[in-house]
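Please read these notes with the model open beside you, and check each point against it as you go.

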Amino acid sequence: MTHLGSLALYLAFLLAVHAIAASLWGVCRRRGMWTQSGVHAVYAVFACVLVAVIALLHALVTRDFNVEYVAAYSSSTLPMQYTVAALWGGQKGSLLFWTFILMLCTTLVHLQNRNKNRDLMPYVTATLMVIAVFFLGLLCFITPPFERLAFTPQEGSDLNPLLQNYWMTVHPPSLYLGYVSASVPFAFALAALITGRLSDEWIRTTRRWALTSWFFLSIGNLLGGRWAYEVLGWGGYWAWDPVENAALMPWLTATAYLHSVMIQEKKNMLKVWNLVLVILTFALTIFGTFITRSGVISSVHSFTQSGLGPYFLTFLILVLTVSFGLLFYRLPELKSENELDSLLSREAAFLFNNLVLVGLAFATFWGTVFPILSEWVRGVKITVGPPFFNKVNGPLGVLLLFLTGVGPVIAWRRASLKSLRRNFLLPLVSGLLTGVLFLALGYGHYYGLVIFSLAGFVLATILAEFARGTRARQAMLRESVPQAFGRLVSKNPRRYGGYVVHIGVVLMFIGIAGSSFFKIEKQLTVNKGEQFQVGRYTLHYSESKNTEDAHIASQTAVVDVYVNGQKIDTLYPEKRFYKRQNQPTTEVAIRPTLREDLYVVLGSYDAPSQLATFQVFVNPLLSWIWIGGLVLVLGTCITIAPNPAERRALALARVPATPTGETVAE
Amino acid sequence: MKKSKFLLGGLLIVGAVSYLMYTGIRETSTYYLTIEEFLPQRETFTHASIRLAGRVQHGSVQWDPKTLRLRFVLGPLAQREDTPQAVGIPVQYHGILPDMFAAGRDVIVEGRSDGTILTATTVMTSCPSKYEAAAGD
């Protein structure tokens, strides 16, 4: 099987090169046959990569420890779901998996556009296949995943225990999907720049791809946070680790793009800016893989220095040079057809929201690469840790939250004082009341209260929008309230789905503020039978248990939880020892409620004396981050869902402007 | 006229971002050194916020689980068996022992040194090499 796998990779590499050459040759010589051959090559590359993935999975599942990758990332006692997850648990496998997703996306794009965008598609093919050739080149010549060892070890050295967690089985695929699908809008942007077809054709074609990419990046980041919270055992979910930042930066620029693109569609402005954002988002995904794989920046979950760094850096420089070169070349054709009228307008709010988002991305980038820069400039490595990011990104985040409330409600072009009063009086009052309410509930922290008040303000603006729309339909079309509400959303899913996403973001802000500013932390060592107080909880360490199987040995402390003398729960924080990797890990016990999470870590355990050290956190409102995440996912689904009414309307509205007609992607 | 208003608004945001970043860098900078780089110039970094990469020296670990107090000597990464024990800086720490902590392990210590002893706020066992190093075992 592995021979078949490597053969498939070599074949894929050749076919990918052919796809680039054929589609470019075809378009230069106007030979449809050649571009068609390029498209067929794309499908063939996908098939080859699929075979390679199946071959590696086969090697993993059949425990073929003669294959170096299998021996390094699995063992005979590794549970099956993690054996499959080992496909992306290591360097080589994750590159293969990445290539697979890239080819999946590329194939889908070509199927979607079989009869559309004939001018753009050859260049889209070429761009996507250049990316594929880069990754296939690494897989064929630099880090072959099917490499065999000179001998067959009895046993593999197992997957890193930290990765043996169910979140870890879904987090990387989701993030990769997000990363990789960002290449589709990028490829269309490049094609638009090359062909000079700079109307918003390419934007409409890739709207759902951009949303999909954003969707998976959001989910990937959330799952990563969830994983860190449950597995790493330090009581938090986000540590501003370089790898986390690497996933956050493209998300920020993609968010900016999704907003500014509306301005281009409505007002024909910000064309250059949108192109820059698409290019940056793609470049940041490559930068992300560069950081994780090169070892230039030390991080908790980086792959080791693998010698891949220079390749990624070269590719990154190539991408940036070509894209910005083309952008510069087309600059004269990208003039705005309108200009901004007033600072008090939706355009302005969107523009500032974009600046803040890009500012956030830039600050995150700067903080992440600062150690390298300082070493170059001053010869000494200076790191900035979480305090830097909290200090810089915190206030910017608050500003962004404020704009989230303003943007969707303020009038286009120019808002009158009267409309401002009508739209914002109620939300402002709600915001203030929310602040007072939280203060009364005992959340007395200045920064936190600002965020809670803003959250109330934003929620009120969104709910008011829903109410206004529903009432209008009710009055005009005599519909019942649920009917009017349902139709309101389904007739304009893009707008109202967007509002739902905003609600999710607001809930996440509440969760972040609650768990950052009002957290209680305590660590102490107790004997069996002793009890101690953390916040409103009394914890009683009543028992300890030891269990052992072939894979894991574990020690569990039984902790009874009392509030006001009432026993409400029993928690089982655990210390595990993974035998193959010779590594202890911490299994956190969490009692989540809407009000707060009780988070108990068994810090250390002394078997003879049964003396246990506990680290206990009370994280107020933290569950709202995950709830907000779910709401965000729901909202994005609403905006992505196929909408025949919208498509018809769009097609009708666009026909006079672009004679090419129907180009909206599915 | 219109343009300048937006320029001003944009500049305000750019200015705010730069200001936050500037003060952020100034207030949160931590020197990141290996123990080999640190030892010859330890006076320079007295009371500065530092992050040191080194190896926990054999026989130096004192851990009291009851009080959560830890003391050990942070020695060079390329520690040979025959080098004298005195090379390194004593570290004191109060808190939970990280999972992988043991004599001979590579750790990253964050804190401030008063010239003779380093008071650590964080002790991290360094993970980066784990992914691939495990394969070579």
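1. Chain A is divided into domain 1 (1-155), domain 2 (389-518 + 628-637) and domain 3 (520-620), with bounds that come from an automatic or database domain assignment. Between the C-alpha centres of domain 1 of chain A and domain 3 of chain A the distance is 45 Å.

2. This is a predicted model, in which local features need pLDDT of at least 70 and side-chain atom pairs count only at pLDDT 80 or more, while totals for chains, interfaces and linings use all residues. Residues are numbered from 1 along each chain as its sequence is written, chains are lettered from A and ligands numbered from 1 in the order in which they are written, and side-chain values use heavy atoms, with hydrogens and water left out.

3. Helix α7 of chain A covers residues 166-181, where helices (H or I, at least four residues) and strands (E, at least two) are DSSP runs numbered from the N terminus. Its 16 residues should span 22 Å at 1.5 Å a residue, and the end C-alpha atoms are 24 Å apart, which agrees; the expected span is 1.5 Å times one less than the number of residues.

4. In α7(A), 12 of the 16 residues are buried, meaning under 20% relative accessible area with a 1.4 Å probe and protein chains only; among them are A:H171, A:Y176 and A:Y179.

5. A:Q615, in strand β11 (residues 611-620) of chain A, is buried with a relative accessible area of 12%. Leaving aside neighbours within four places in sequence, A:Q615 is in contact (heavy atoms within 4.5 Å) with residues including A:G233, A:Y599 and B:I96.

Methods
Buried < 20%, exposed > 50% of the residue type's maximum accessible area, 1.4 Å probe, protein only.
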